[in-house]
Amino acid sequence: MTGALAERSLTLPAPSDRSDLSTFLGHVTRLDAAAVVRLRRRAPDHVVAWCETGFDVLASRAVRGSVHPADVTVAADGLRALLAGAGSAPFDPGFGMDSAWRGPVPPDAGWTHVDDVPGPVFVELAERGVALA
């Protein structure tokens with residue numbers, strides 16, 4: 001890695017993880033075209049993408065990969081566009097927008113899992129939100 005990649009990079013070796021993250025970002029940008037995504041390292045081999053939904057709810061998706069630095073915020077739509085052409089090599093996830101993130105995210109440890117929400121529920125909520133708007 002050289003230049004900007006040495007300062008900031010995202011690596012998602014498996015095509016399934018790139019596709020999974022792209023799908024997640026597609027849902028996020030449908031809710032908010034100007035959404036930002038916060039990428040945080042979880043263990044040495046996972047990255048968690050955090051997004052705010054506009055409903056006072058944080059949504060996240062964990063994928064296998066790595067991010068450098070360990071915590072960076074970028075535009076969700078820009079990252080999704082980059083994922084379309086990304087391979088298994090490290091790539092710059094986009095312009096840093098750390099100041100656009102307005103709140104904390106839950107810690108990696110010390111919390112209790114309560115429930116999983118199926119993806120179609122989020123789609124229905126997004127559609128209702130669009131209808132109300």
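**View 1. Confidence of the predicted model.** The protein chain of this predicted model averages a pLDDT (the predictor's confidence in each residue, from 0 to 100) of 89, and 95% of the residues score at least 70. Over residues 1–5 the pLDDT stays under 50, and the model has 7 contacts (heavy atoms within 4.5 Å) for them beyond four places in sequence. Residues are numbered from 1 along each chain as its sequence is written, and side-chain values use heavy atoms, without hydrogens and water. Local features need pLDDT of at least 70 and side-chain atom pairs count only at pLDDT 80 or more, whereas totals for chains, interfaces and linings use all residues.

**View 2. The largest nonpolar core.** A nonpolar core is a set of buried (under 20% relative accessible area, 1.4 Å probe, protein chains only) Ala, Val, Leu, Ile, Met, Phe, Trp, Tyr and Cys residues joined through side-chain atoms within 4.5 Å. The largest one has 22 residues, and Leu-10, Leu-21, Phe-24, Leu-25, Val-37, Leu-39 and Leu-79 have the most contacts inside it. Among the elements that give two or more residues to this core are helix H2 (15–31), strand S2 (36–42) and strand S3 (46–52). H2 provides the largest share, 4 residues.

**View 3. Surroundings of Leu-39.** Beyond its neighbours within four places in sequence, Leu-39 is in contact with residues including Leu-10, Val-47, Val-67, Val-72, Leu-79 and Pro-93.

**View 4. A second core.** Val-36, Val-48, Trp-101 and Val-105 are included in a second, separate core of 5 residues.

**View 5. Position of Val-117.** Val-117 lies in the loop between helix H3 (76–85) and helix H4 (119–132).

Conventions
Buried means under 20% relative accessible area, exposed over 50%, partly exposed in between (1.4 Å probe, protein chains only).
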